[in-house]
Amino acid sequence: MSGLPCRRRSGLAALVILASQLAANAALASDLGLGSAHPTGQSVQRWELAQAEDDHAAHHPAASGATGDAVPSGGTAPGMMGGMDGMMGRPRKEFYPALMDMPALSAEQRSKLAVQARERISAEADDLARAEMDLRHAIAGGDIAAADQASRRLRESLNAVQSGVVALLSLHEGKPPQQIAQAWFRSQMNLLPQRGAMDADDGTPGISWFHVTTMALLVLFSLGMLAVYVARMRRANALVDRLTRVAAVPAAAAPVPSATAVVSPDEKAVARPAQQTNRDAARVEPGRSWKGKLRICAIYQETPNVKTFRLQAPGGGAIPFAFLPGQFLTYAIEIDGKTVRRSYTIASSAAQTAYVETTIKREDGGLLSDYMHGHLKEGDLVEVAGPSGAFTFTGAEADSVVLIGGGVGITPLMAAIRYLSDIAWPGQIYLVYGAQTTEQFIFRDELEYLQRRMNNLHVAATMMRAAGTSWMGSEGQITAEFLTQAVPDLAKRRVHLCGPPGMMEALRKTLVGLGVPREQIKTEAFGPARGAVPPPSKVAAEAPMAQGEAGNRGAASVGPATATIRFARSGKVAALPPDKSVLEVAEGAGVSIDYSCRAGVCGVCKTHLLQGNVTMEVQDALTEDDKANGLILACQAKSVGDLVVEA
């Protein structure tokens, strides 16, 4: 046996113990005369006497060997269980085995047994208390052997108490003693309940509800796996067909890598998902565009003309979209019966999911900003869309960053600082900020707090006018000298620049003059340049299509010197003045093109140019892949020639 694994030895030991118990039960039944088919009252008396002697032996272990010692040679165990236990070398047994052949009892016999069971419970309960006290003393005194003996006595007394309780239960419920004994044996052996009516009459195994449920679950699982397999095969076939169609496009039909490329409708259907996938893959945390209502949960006054609006999901919990530091939201609010859209940069950290904040300056003549400052209050619901924008910095783009902002242009820079603080970004952060006065220094208190907490944050600010204030810093504009003093090794660092267009243009030239590579300078227009251009009025005249199509379209004629634009999807044709963008003409013609910033930085208004040439003053939102696929920004695209666009 020494060569067997541990599990096999333990299993054989369990079989030996079981066989010993069965032998003891058989011997017990023979000794009591309970094996006959017709038990008599004498056998009942012998059973009662055995139980009494067994109880007596429990209280006199020295006499009976109940502590587990073998019966002395030539001696006789005084009780029914004691004799068996002494012979087997084990602690005394409960009287469950005797219950297997217990005869039907009269009322008087049941009463006597109930009294004996209560006496047994009472006596063993006292033993439990003494054994527990001995165990505590042994543990406290460090006597491990005594503790082991006390724990054994606890277990034996507890089993005896349980046997007495089960006897009372059987007597109280009137159940046959054999049923109580069988239930005890099954619980000790961890066996399933005995099959009842489900057993077949011919002896074949029955089927339980457990089997039926298990088989049903297996069938459902198999069907689900089969459905998943079929769906995957269909998607794979569709992908193969799609790739086959792409490979079949002639090389001559490939889009020219410029904004004037001509792309067929079939190619557009293929190029759009690939372009979208590229944009999503470039993000650190992929985000999807979302549109819906958020609730204003708080409004903070940052400066006399700047407020921060904190938004949260109407039902609480996390906001329903993810965003990157530097992206913005587009508000759509109805004012005097007209929907007004404006875009504002998210100022809160992208690591904060409970709310999102936009910090908005009240512009002179600003329709939406004036309305939000004067009318919106906590608890109001506002419709927003986004996030949008590519002016982002997450820390993965460079090992250090220089953030240069002016006025309210600090909001995307503050979003980056807050996020980099939340993720404990180790790179060096240089914030260079310019404001008109100290009163208009947005986030001043928070920046001072963050600079004390973040060893890698360096703030340099200058005020245009600081006379009569306690400002001890620099005064005047952000100059080349100020930049070189604030940022060491400026030419080696990535720069993010945000502010009014005039300020950005001047600082861009300054940075290039200081040796910063142009590709390291990321900019975003702010203030009136974003979202401040109101939708144009309806274009008065529409141009007809080419001869032969005018009868079908029913459009009015235009002069030969006016260019036209045809929207391929809607089939509409409109005049295209040289000073109007594609988006403005589309709005006047009733053609829907999604937009957000109207400044060429968000990319929401991207559409395919199918024919013609356009010029775009700002195209920051277009990637090289976008240009190669013939995408243009409708809000920026203008032309003096005829155009065909997808809209």
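This is a short tour of a predicted model, stop by stop.

Residues are numbered from 1 along each chain as its sequence is written. In this predicted model, local features need pLDDT of at least 70, side-chain atom pairs count only at pLDDT 80 or more, totals for chains, interfaces and linings use all residues, and side-chain values use heavy atoms, with hydrogens and water left out.

**Stop 1: the sheet**

Select β4, β3, β6, β1, β2 and β5. In that order, these six strands form an open sheet with antiparallel pairing. Strands here are DSSP runs of E with at least two residues, helices are runs of H or I with at least four, and both are numbered from the N terminus. Two strands pair if DSSP finds at least two bridges between them. From one strand to the next, the twist averages 40°.

Now select 290-303 and 381-388. These are β1 and β6, antiparallel and joined by six bridges. Find Gly292: Val384 in β6 stands opposite.

Contact means heavy atoms within 4.5 Å. Axes are lines fitted to C-alpha atoms, for helices over the stretch in contact, and angles run from 0 to 180 degrees between N-to-C directions.

**Stop 2: a cis peptide bond**

Stay in β6 and select Pro387. The peptide bond from Gly386 to Pro387 is cis, with omega near 0°. Most peptide bonds are trans.

**Stop 3: two helices**

Select α12 (residues 410-422) and α13 (residues 444-453). Their axes come within 12 Å and cross at roughly 30°. The two helices are therefore roughly parallel to each other (an angle under 35 degrees). Zoom in on the contact. Ile410, Met414, Ile417, Arg418 and Ser421 in α12 meet Glu446, Leu447 and Leu450 in α13.

**Stop 4: two positive phi values**

Most residues other than glycine have a negative phi. Select Phe443, in the loop between β8 (428-437) and α13. Its phi is near 65°. Is Phe443 buried or exposed? Phe443 counts as buried, at 5% relative accessibility. Buried means under 20% relative accessible area, exposed over 50%, and partly exposed in between (1.4 Å probe, protein chains only).

Finish at Asp489, in the loop between α14 (480-486) and β11 (494-499). Asp489 has a positive phi of about 50°. Asp489 is partly exposed, with a relative accessible area of 48%.

Note on methods: Parallel < 35°, antiparallel > 145°, perpendicular 65-115°, else oblique.
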